[in-house]
Amino acid sequence: MPDHNIVAEDTLNLEQFVRAIPKMELHCHLFGAVRRQTFVDLSVKAGNRISHEEIDAFYTRGEKPVGVLRVLRALDAHLIQGPVDLHRITYEYLEDVHNHGVRYTEFFWNPTGTVRVSGIGYASAQAAIVLAIRDALRDFGVIGRLIPSIDREASPDEAVAMVGWMREHRQPEVIGIGMDYRENDRPPELFWKAYRDARAAGFRTTAHAGEFGMPWLNVESAIELLKVDRIDHGYTVIDNPAFLEKCVKMNKIFTVVPTNSYYLRTLDPQRWALDHPIRAMVRAGLRVHPNTDDPTLHLVTPTRAWLMMMEFGFGIDDMRGFMLNGLDGAWIEDDLRQRWRLEWSADFDTLRSKLTVQEG
Ligand SMILES: [Zn+2]
């Protein structure tokens, strides 16, 4: 287990340090975390439904990266054929994050596509993912939690149906709902019934909002109308200083993604680190937590995502703060939160004492 080896070292360079610090992920999509070789294997198994050239293109990230949504759709349409495939990609994802010091992850999966397009029933699909979570806990000690996520390009009724499936097939590892896919013309409030039902059933809630340059109003609607516990992305919150200040006062946690395609595409590379909204969000006092989103497609790891936060000008104290933000944003019991806050802080400080670089 590489992280334990690193912990035993006397000195750490910055990358080793960031890799070893206790981390969690609160914003990662299962289908965006499929290893390249697994994608190839699934394609072969499905009768080479996707060409090698296409797979190469999916796993290449150019200077102006395109979005990954079509890759996620391709998995549902062509590659995921049975529960065993879902088990494999879940188990491998959890092994991968474990190797980067992630101790706890809440990750997204879109049941609507799996059920409607792949033709796998909700109960058996969820059971396969939950089994992989339990297998990974046994084998690596990493704790996984599943967030079924609304496909906002589908109808609001499908979202209500998804929450119904979750209620009917309830498992302790399945803890809340999210909402993703293309936000354009699909504002959060369209899905108020699914969020109402989820909250009434005791599930936690989050939503992608203010991604792809979509307006801060979507962040406001998610918080005020859907009453989400946290926000995924939410970058355009900085466009309305009064609302931004309100979010700071509400102590909302925003799960941010340094590799987000939209800003890599739209910001001048020379100004990227300076003009990225993440920088302004933290400067305003908003509590953020860095995440990988679609790690294998963004060619990023949890270690790299955290290192990228330092490219925005944040230092080691900020890293510690992000870690604590994650703990406050995680959907865990308060006594566990308290215990982890002490343990993770102690581990962070021990690792920090071994850091060889000048702290900036
Ligand atoms: Zn996302």
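User: What arrangement do the four donor atoms around the zinc ion make?

Analyst: Keep in mind that this is a predicted model. To name a geometry, look at the angles between donors: four count as tetrahedral if all angles lie between 85 and 135 degrees. Here the four donor atoms subtend angles of 84 to 172° at the zinc ion, so the arrangement is irregular.

User: Which protein donors does the zinc ion have?

Analyst: Go by residue and atom. The zinc ion has H27 (NE2), H29 (NE2), H208 (NE2) and D293 (OD) as its protein donors, at 2.1 to 2.3 Å. Along the chain, these donors follow the spacing H-x1-H-x178-H-x84-D.

User: Are H27 and H29 buried or exposed?

Analyst: For this you check relative accessible area, where buried means under 20%. H27 has 0%, so H27 is buried. H29 comes out at 7%, so H29 is buried too.

User: Let's move on to charges. How many salt bridges does the structure hold?

Analyst: It holds 27 salt bridges. Take R73 and E153, whose closest N and O atoms are 3.2 Å apart. This pair links distant parts of the chain, 80 residues apart: R73 is in helix α5 (residues 69-79), while E153 is in the loop between β3 (143-151) and α9 (156-168). R73 is partly exposed at 30% relative accessible area, and E153 is partly exposed at 39%.

User: Where do K249 and E245 lie?

Analyst: Both are in helix α12 (residues 241-250), four residues apart, which is about one turn of the helix. For accessibility, K249 is exposed at 66%, whereas E245 is partly exposed at 45%.

User: And which parts does the pair D328 and R341 tie together?

Analyst: Their side chains form a salt bridge at 2.5 Å, N to O. D328 belongs to helix α18 (residues 316-329) and R341 to helix α19 (residues 334-352), so the pair ties together parts that are 13 residues apart in sequence. D328 is partly exposed, with 31% relative accessibility; R341 is partly exposed as well, with 25%.

User: Which residues do salt bridges with shared partners join into one network?

Analyst: Here you look past single pairs and follow the shared partners. In this model, they join R35, D41, R88, E92, E95 and D96 into one network.

Conventions: Residues are numbered from 1 along each chain as its sequence is written. This is a predicted model: local features need pLDDT of at least 70, side-chain atom pairs count only at pLDDT 80 or more; totals for chains, interfaces and linings use all residues. Side-chain values use heavy atoms; hydrogens and water are left out. Donors are N, O and S atoms within 2.8 Å of the metal (3.2 Å for Na, K and Ca); water is not among the atoms, so sites may look incomplete. Four donors count as tetrahedral if all angles lie between 85 and 135 degrees; four count as square planar and six as octahedral if opposite donors are over 155 degrees apart and all others between 65 and 115; anything else is irregular. Buried means under 20% relative accessible area, exposed over 50%, partly exposed in between (1.4 Å probe, protein chains only). A salt bridge is a side-chain nitrogen of Lys or Arg within 4 Å of a carboxyl oxygen of Asp or Glu. Helices (H or I, at least four residues) and strands (E, at least two) are DSSP runs, numbered from the N terminus.
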